[in-house]
Amino acid sequence: MSKIIHYGKLIDSDVPTTGVINTNEVMWEFMDNDEICLVCDEAIKEHSDHAGNEDFGYSDDCPNCKEGDSYCIDYLECDSSHTRLHGDWILDTNTGLYDYDPQGEFTMIENESTCQIIFSKTIAKGNPCSPCFVGQVEFSKDGDFKAYTLPEELLYKRE
Ligand SMILES: [Zn+2]
Ligand SMILES: [Zn+2]
């Protein structure tokens, strides 16, 4: 086992940390469709906070509707710049924040071209990532650091 300080954060090779993979490593066709988009959720919440929960259409009370002169959710486009959650998450109804389900299969955050697996029953080995992902691990054959990854059936085989 080894421990290193990775850009100011301690990584212990025996304690799994967050694993980082590229979105093109994921077999999205086998991924559950119950993803949560934090950006879209926020936009919908903003609309209903202004318009009242009953009104799912254009509202003069919603600044986003007024700005676009139409129902704001209609021109909301979910693209890769949005942060999406996949896997088993639990919503804390008091705080409105999501946390991983310790009984779940995996919990993953997708943004742009990167997926971060913050918890999983599946663990693999790799090496610490570039400083953009402090304290997190990228997978490789020669790696010595444990990190969470997706179940094998959701990943393209590594050559
Ligand atoms: Zn609106
Ligand atoms: Zn979205």
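What follows is a short exchange about the predicted model of one protein chain.

Guide: This is a predicted model, where local features need pLDDT of at least 70, side-chain atom pairs count only at pLDDT 80 or more, and totals for chains, interfaces and linings use all residues. Residues are numbered from 1 along each chain as its sequence is written, while chains are lettered from A and ligands numbered from 1 in the order in which they are written.

Visitor: What makes up the secondary structure of the protein chain?

Guide: The protein chain has 2 helices and 12 strands. Helices (H or I, at least four residues) and strands (E, at least two) are DSSP runs, numbered from the N terminus. From that end the elements read β-β-β-β-α-α-β-β-β-β-β-β-β-β.

Visitor: How do you know what share of the protein chain is buried?

Guide: Count C-beta atoms, placed from the backbone. A residue is buried if 20 or more others lie within 10 Å of its own, exposed if 12 or fewer, and partly exposed in between. Buried residues come to 23% of the 159.

Visitor: Why is Asp-69 called exposed?

Guide: Asp-69 has 8 C-beta neighbours inside 10 Å, so it counts as exposed. Asp-69 sits in the loop between helix H2 (63-68) and S5. Its phi is near 60 degrees, a positive value in a residue other than glycine.

Visitor: What makes Asp-79 exposed?

Guide: Asp-79 is exposed because 8 other C-beta atoms lie within 10 Å. Asp-79 is also in the loop between H2 and S5. From Asp-79 to Cys-115 is 36 residues in sequence and 15 Å in space, C-alpha to C-alpha.

Visitor: Why is Thr-95 called exposed?

Guide: Thr-95 has 8 other C-beta atoms within 10 Å, so it is exposed. Thr-95 lies in the loop between strand S6 (89-92) and strand S7 (97-100).

Visitor: Why does Glu-112 count as exposed?

Guide: Glu-112 has 11 other C-beta atoms within 10 Å, so it is exposed. Glu-112 lies in the loop between S8 and S9. That hairpin has 2 residues between the strands. Glu-112 takes a positive phi of about 50 degrees although it is not a glycine.

Visitor: What makes a set of residues a nonpolar core, and which residues have the most contacts inside the largest one?

Guide: A nonpolar core is a set of buried Ala, Val, Leu, Ile, Met, Phe, Trp, Tyr and Cys residues joined through C-beta atoms within 7 Å. The largest has 16 residues, and those with the most contacts inside it are Phe-106, Met-108, Ile-117, Val-137, Ala-147, Tyr-148 and Leu-150. Strand S3 (19-22), strand S8 (106-111), strand S9 (114-120) and strand S12 (145-149) each give two or more residues to this core. In soluble globular proteins, nonpolar side chains tend to be buried together.

Visitor: How do you know which residues Ala-147 touches?

Guide: Two residues are in contact if their C-beta atoms, placed from the backbone, lie within 7 Å. Leaving out residues up to four places away in sequence, Ala-147 touches Pro-16, Thr-17, Thr-18, Gly-19, Ile-123, Ala-124, Gly-126 and Val-137. Across the protein chain, 55% of contacts between residues at least 6 apart in sequence join residues at least 24 apart.

Visitor: How do you know that S8 and S9 pair?

Guide: Two strands pair if DSSP finds at least two bridges between them. S8 and S9 are joined by 6 bridges and run antiparallel, so they meet the cut-off. Asn-111 stands opposite Thr-114 in S9.

Visitor: Which other strands pair with S8?

Guide: Strand S5 (residues 84-87) pairs with S8 in the antiparallel sense over 4 bridges. There, His-86 has Met-108 as its bridge partner.

Visitor: Why are S4 and S12 called edge strands?

Guide: The open sheet of 8 strands has the order S4-S5-S8-S9-S3-S11-S10-S12, with mixed pairing. Strand S4 (36-37) and S12 each pair on one side only.

Visitor: How do you know how the span of helix H1 compares with the expected one?

Guide: The expected span is 1.5 Å times one less than the number of residues. Helix H1 (residues 38-51) has 14 residues and reaches 20 Å from its first C-alpha to its last, close to the 20 Å expected. Just after H1, Gly-52 takes a positive phi of about 90 degrees.
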